[in-house]
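Here are my notes for your first look at this one. Have the structure open while you go through the points.

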Amino acid sequence: SLKANLFACSLMTFGRFGVPIFLMISGYLLLERNYDKIKTYKFWNKNKHLVICALFWAVIGELFVIYVLHSNVTWDSAFFSIIFLKTFDMNHFWYLPMIIGMYVLIPFVSHALKEFDLDTIFKASLFFIVLAYLVPFVISILNFWGYSDLTLEVSLGFSGGKYGIYKKY
């Protein structure tokens with residue numbers, strides 16, 4: 001029914017606020033710190049549980065795909081997904097490698113935010129915002145008009161994708 005679909009869509013839309021809010025809070029709490037070599041290694045060591053937890057859930061996810069969803073996933077394909085060398089068969093697992101990448105980069109981003117002036121940071125952020133939001137929107141419109149081979153070839157993955165843009169100001 002229309003009410004059920006509207007309710008489900010509203011919950012999904014509202015639920016998607018969780019990741020950006022989590023990343024903004026993480027940025028607010030973690031980017032103000034001063035990271036030297038020792039503090040960076042301590043930060044990584046303190047947060048190594050994120051990698052262990054991500055690997056654990058990756059294994060659980062792949063077992064779920066194989067045994068519950070009865071997918072045609074091969075063991076080698078599952079292994080490569082678990083070690084983040086292949087995209088997961090479960091859409092919401094995009095978060096696992098993203099959060100690991102973000103936590104690896106936090107000391108570098110913190111240092112960059114302290115070293116660069118606000119104008120430089122603004123220009124870099126604007127560039128990433130255009131690539132993460134505006135270009136995909138334009139590609140969607142062009143795909144609708146029949147230009148189906150268009151994709152964004154510039155990868156934002158190493159920067160945390162569109163979620164790498166969230167930071168403290």
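What share of the residues in the protein is buried? Buried residues account for 27% of the 169 in the protein, where buried means under 20% relative accessible area, exposed means over 50%, and partly exposed is in between (1.4 Å probe, protein chains only).

1. **What you are looking at.** This is a predicted model, in which local features need pLDDT of at least 70 and side-chain atom pairs count only at pLDDT 80 or more, while totals for chains, interfaces and linings use all residues. Residues are numbered from 1 along each chain as its sequence is written, and side-chain values use heavy atoms, with hydrogens and water left out.

2. **Overall layout.** The protein has seven helices and zero strands, so to read the labels you need to know that helices (H or I, at least four residues) and strands (E, at least two) are DSSP runs numbered from the N terminus. From that end, the elements run α-α-α-α-α-α-α. Take the contacts between residues at least 6 apart in sequence: 72% of them join residues at least 24 apart. Contact here means heavy atoms within 4.5 Å.

3. **The core.** The largest nonpolar core holds 22 residues, and L30, F43, L96, Y103 and I106 have the most contacts inside it. Such a core is a set of buried Ala, Val, Leu, Ile, Met, Phe, Trp, Tyr and Cys residues joined through side-chain atoms within 4.5 Å. At least two core residues come from each of α2 (18–30), α4 (48–67), α5 (75–82) and α6 (95–115). The largest share, seven residues, is from α6.

4. **Y103 and its surroundings.** Which residues does Y103 touch, leaving aside its neighbours within four places in sequence? Y103 is in contact with F22, S26, L30, F43, W44, N47 and L50. Y103 counts as buried, at 12% relative accessibility. Y103 also belongs to one aromatic cluster with Y35 and F43.

5. **Aromatic pairs.** A search of the whole structure turns up eight aromatic pairs. Rings of Phe, Tyr and Trp (its six-membered ring) pair if their centres lie within 6.5 Å; planes under 30 degrees apart count as stacked, over 60 as edge-to-face and the rest as tilted. F43 and Y103 are a stacked pair because their planes are at 0°, with the ring centres 5.9 Å apart. This pair links distant parts of the chain, since F43 sits in helix α3 (residues 37–46) and Y103 in helix α6, 60 residues apart. F43 is buried, at 5% relative accessibility. F56 and W57 make an edge-to-face pair, because their planes are at 80°, with centres 5.3 Å apart. Both residues are partly exposed: F56 has a relative accessible area of 47%, and W57 has 43%.

6. **The outside.** The accessible surface of the protein is about 12300 Å², and 71% of that belongs to carbon and sulfur atoms. Accessible areas come from the Shrake-Rupley method with a 1.4 Å probe; for residues, only the protein chains shown count as cover. On the surface there is a nonpolar patch with about 1200 Å² of accessible area together, whose members include F122, L126, W145 and L150. Patches are made of residues with over 30% relative accessible area and no salt bridge: like charges are joined within 9 Å, nonpolar side chains (Val, Leu, Ile, Met, Phe, Trp, Tyr) within 5 Å. F122 lies in helix α7 (residues 118–144).

7. **One salt bridge.** The structure holds one salt bridge, meaning a side-chain nitrogen of Lys or Arg within 4 Å of a carboxyl oxygen of Asp or Glu. K123 forms it with D119, and their closest N and O atoms are 3.1 Å apart. These two are four residues apart in helix α7, so about one helical turn separates them. K123 is exposed, at 53% relative accessibility, whereas D119 is partly exposed, at 43%.

8. **Two backbone angles to check.** Most residues other than glycine have a negative phi. H70, which is not a glycine, has a positive phi of about 50°. H70 lies in the loop between α4 and α5 and is exposed, with a relative accessible area of 60%. F84 also has a positive phi, near 65°. F84 is in the loop between α5 and α6 and is partly exposed, at 27%.
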